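Please have the coordinates open as we go.

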Amino acid sequence: MKKKNVISLIKYYTEKNDAGFRNEACEIAKGFDASGDYQLAEYIMSLLSNVNTFVPQVSENVSPFFEKIEANTDMLLLPDEITNDLIGVVNAIEHHIGINKFLFQGAPGTGKTEAVKQLARILNRDIFMVDFSAVIDSKLGQTQKNLSMLFKEINQFVQPHKAIVMFDEIDALALDRTNQNDLREMGRATSALLKEFDRMNENVVLVATTNLYQHFDKALIRRFDSVIDFNRYSQEDLLYIAEKMLDRYLDKLKLANRDIRLFRKIMKLMPQLPYPGELKNLVKTSVAFSNPNDGMDYFRRLYYAVCNEKPEDLKKLQSQKFTVREMEILVGRSKSSVARDLKEGVSDE
């Protein structure tokens, strides 16, 4: 152990820099291990591991490069194909053979970020999302320096097997270096990212997300062990997901009035169902803004959100294949009144 180690320990202790203190202690342990004093090295590491289960050299108070993100405890609704790929990711990580870098690509709202949160829950890891505003700098060469410092912190995690580093929307750094519209500075940043990926600690899991995969630098794509496509939703998948979202929000608000057939009919009026992110907002706001004294009001609000008009035109509702009973719900009138105004018999299916 050198004098500078002692000084650093005291400095970190007085500054209450827990992460710095631990990393310095780890360096001291490594020094003893290298000199052959294995027992002392193990003793130091055991003291550190007994205090907290996970303290990497990142925290909201220490590193400007990371923001801690909570894992997701809610059920994540995904098509079977994507779910199976994520199971494969979990298996690959737990085999501990150096497969640790994954790229989740897909349109906005397809569940990429939420999937990372689910991985963290399953793997019992903490998520540290990279703050690009702290990495990207307008000064010439500073972005590359920041990337170097960022990966230095990643490679010095005290317990790397307990961390997921997330590059959410990594497009900010990873656009094609040959793209003439890209700044030369960012091209150099992408080159720096390539080098850092190659020497990254294999025990840390890195997950990046992008919705600009077609513009992604091909050399960087090759650095990932696997690319998961989140665009694989059928319309039936999205309809099923919307139903599950509806059930969840009705349960939260203790609304018992459910008519899945009517719900499906309204949703199918959309030419193309949106991805789960937009679906969630559509269903959630329709339920949340509904009249608490009218258990069917959320259907009217959902219809308005889908069709951009109130469900008032009975002839139009009839042409949309709604039954008299369903029109009764949508217009908020009695079935007999609806049938009379239609001036013709409408079978109540």
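In helix α14, which spans residues 297-307, the buried residues (under 20% relative accessible area, with over 50% counted as exposed and partly exposed in between, for a 1.4 Å probe and protein chains only) are Asp 297, Tyr 298, Phe 299, Arg 300, Leu 302, Tyr 303 and Val 306. Helices here are DSSP runs of H or I with at least four residues, and strands are runs of E with at least two, numbered from the N terminus. This is a predicted model, in which local features need pLDDT of at least 70 and side-chain atom pairs count only at pLDDT 80 or more, while totals for chains, interfaces and linings use all residues. Residues are numbered from 1 along each chain as its sequence is written, and side-chain values use heavy atoms, with hydrogens and water left out.

The buried residues of α14 pack against α11 (235-252), α12 (260-267), α13 (276-288), α15 (314-319) and α16 (324-331), contact meaning heavy atoms within 4.5 Å. After α14 comes Asn 308, which has a positive phi, near 60°.

Now to the loop between β1 (66-69) and α4 (80-94), where Leu 77 is found. Is Leu 77 buried or exposed? Leu 77 is buried, its relative accessible area being 13%. Setting aside neighbours within four places in sequence, Leu 77 contacts Tyr 233, Ile 241, Lys 244, Met 245 and Arg 248. With Met 245, which is 168 residues away along the chain, the C-alpha separation is 9.0 Å.
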